[in-house]
Amino acid sequence: MDADDMRRAIRRMAHEVIERNHGVADVVVVGLQTGGVPLARSLAATLRDIDGHDVSVGTLDVAFHRDDVGLRPIMPEAVTDIPVDLTDRIVVLVDDVLFTGRTVRAALDALAGFGRPRAVQLAVMVDRGHRELPIRPDFVGKNLPTRRDELVDVSAEGVSLGSVADSVGETTP
Amino acid sequence: MRHLLSIDDLGRDGIEEVMALTDSFVEVSNRPIPKVPALRGKTVAWLFYEDSTRTRLSFEAAARRLSADTMNFSVGSSSVKKGESLRDTAQTIQAMGVDAIVVRHGSAGVPWQLTRWLDCAVVNAGDGWHEHPTQALLDCYTLREHFGSLEGRRIAIVGDVKHSRVAGSDVRAFAALGAEVTLVAPPTLLPASLEGWPVQVSHDLDAVLTTTDVAYMLRMQLERQDEALVPSLREFTACFGLTVDRARLLPDHALVMHPGPMNRGIEIAAEVAESTRSVIRQQVSNGVAVRMAVLFLLLGSGRPEPIVTVPEEVAVHG
């Protein structure tokens with residue numbers, strides 16, 4: 001996937017969000033730190049572009065809600081910023097890669113501190129499989145079959161696939 | 001970071017790290033439900049050999065917002081009254097399975113001694129006249145909110161420096177962040193030696209106030225003064241109290257701080273404490289977020305394995 005493919009995927013997902021929710025009136029887009037944040041911004045901009053209404057954008061850092069706190073080094077990447085009360089809104093969570101589902105579980109836990117949304121939906125640029133929890137995405141840029149030990153990198157330039165061996169110079173079990 | 005004993009353990013980088021993490025916990029504290037599960041299953045015990053309201057409550061709020069469990073130990077109603085030693089008390093608490101002990105004690109160095117006896121994390125919540133690092137961290141955070149950076153800022157620490165562990169930690173922290181610190185006090189209320197302290201000293205409060213960015217008023221610690229160090233409280237207030245008239249000498253942007261509890265009318269006039277330049281309340285509310293950051297750094301941010309309790313042989317023969 002290159003940058004143009006990603007732009008087209010975001011545009012398609014935006015249409016799907018509008019179709020599913022009959023507009024964007026109650027929609028709040030929340031990007032997960034760090035990879036989901038730029039995608040959330042461009043999804044919200046595209047929603048505005050298509051539907052004509054302003055869409056609030058928030059960012060969420062789930063470090064304090066992870067289930068592996070204390071097991072590995074965990075520090076927040078950035079300060080969470082949820083600009084509106086989420087009660088009765090439709091939250092579209094945005095992340096770059098959906099893998100085990102643990103980040104999304106932590107995000108659902110974190111969202112509960114900001115009110116009671118009418119619905120929470122999940123948009124991801126890449127679904128690479130290997131879920132460890134009963135979580136599925138509502139809007140997907142691309143389904144990308146992977147091995148567990150591969151790395152998926154999503155940036156402004158596009159999506160690329162590497163192996164752990166490439167990046168850290170060792171093989172994984 | 002394994003313990004928080006002194007500001008010196010943190011250095012400039014460590015203080016900046018705590019500040020950055022505190023930003024996140026200020027956000028958590030402002031949520032409709034200000035609680036995160038980060039320290040679920042961790043237990044923090046308070047071991048307070050001296051009175052404290054705000055520090056203990058502030059740590060308590062911090063631990064609860066992180067979902068940690070807390071155990072309270074107050075000396076007045078415990079086996080210490082039956083003559084139990086500090087070491088036995090601390091090891092008994094640890095044997096109940098705590099991950100951190102927050103200690104306040106009237107003698108300098110007690111937190112260091114505890115780290116030799118215990119495996120759990122130790123946080124210094126005030127040791128004698130020596131240090132009170134979390135107070136200094138919340139003071140730095142409050143100043144950073146107003147000034148962005150402390151680099152080159154002038155901070156006057158005024159009053160009973162001699163008995164003040166707050167001053168001990170603040171001087172270290174402010175200097176580490178690049179501020180110019182001036183101690184303003186009568187000679188009898190300064191430590192016997194200021195060797196190695198990165199400070200200037202003045203006995204003329206009026207002169208210092210006209211150019212300072214911050215007037216940090218210390219509590220007159222009457223309970224620690226067993227000799228007459230000032231001729232009278234009225235004279236102390238006349239020379240070193242931040243009265244309404246004297247506060248007018250401050251530059252427009254200058255802030256007034258106080259670690260609490262205040263002796264209104266002695267080191268600070270009530271009107272000054274309530275004025276718009278006073279950030280005393282912000283100090284208190286920032287205190288909770290700073291202590292959340294400290295507890296998270298010690299217990300949640302990446303220790304590879306859970307803390308194990310003290311080995312049996314040490315517990316028995318130690």
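How many residues does helix H5 of chain B have, and how far does H5(B) reach from its first C-alpha to its last? I looked it up: H5(B), residues 133–147, has 15 residues and reaches 21 Å, close to the 21 Å expected at 1.5 Å a residue (1.5 Å times one less than the number of residues). Helices (H or I, at least four residues) and strands (E, at least two) are DSSP runs, numbered from the N terminus.

Note on the source: this is a predicted model, where local features need pLDDT of at least 70, side-chain atom pairs count only at pLDDT 80 or more, and totals for chains, interfaces and linings use all residues. Residues are numbered from 1 along each chain as its sequence is written, with chains lettered from A and ligands numbered from 1 in the order in which they are written.

Next I checked burial (20 or more other C-beta atoms within 10 Å of a residue's own, C-beta atoms placed from the backbone). H5(B) is mostly covered, with 11 of its 15 residues buried, among them B:Leu137 and B:Tyr141. The cover includes helices H1 (7–29) and H11 (280–299) of chain B; contact is C-beta atoms, placed from the backbone, within 7 Å. After H5(B) comes B:Gly148, with a positive phi near 80°.

Then I turned to the sheet. Chain B has an open one of four strands, ordered S2-S1-S3-S4 with parallel pairing (at least two DSSP bridges per pair). S2 (69–74) and S4 of chain B are the edges, each pairing on one side only. I also found six bridges between S1 (residues 43–48) and S2 of chain B, where B:Leu47 partners B:Phe73.

Definitions and conventions: A residue is buried if 20 or more other C-beta atoms lie within 10 Å of its own, exposed if 12 or fewer, and partly exposed in between; C-beta atoms are placed from the backbone. Two residues are in contact if their C-beta atoms, placed from the backbone, lie within 7 Å.
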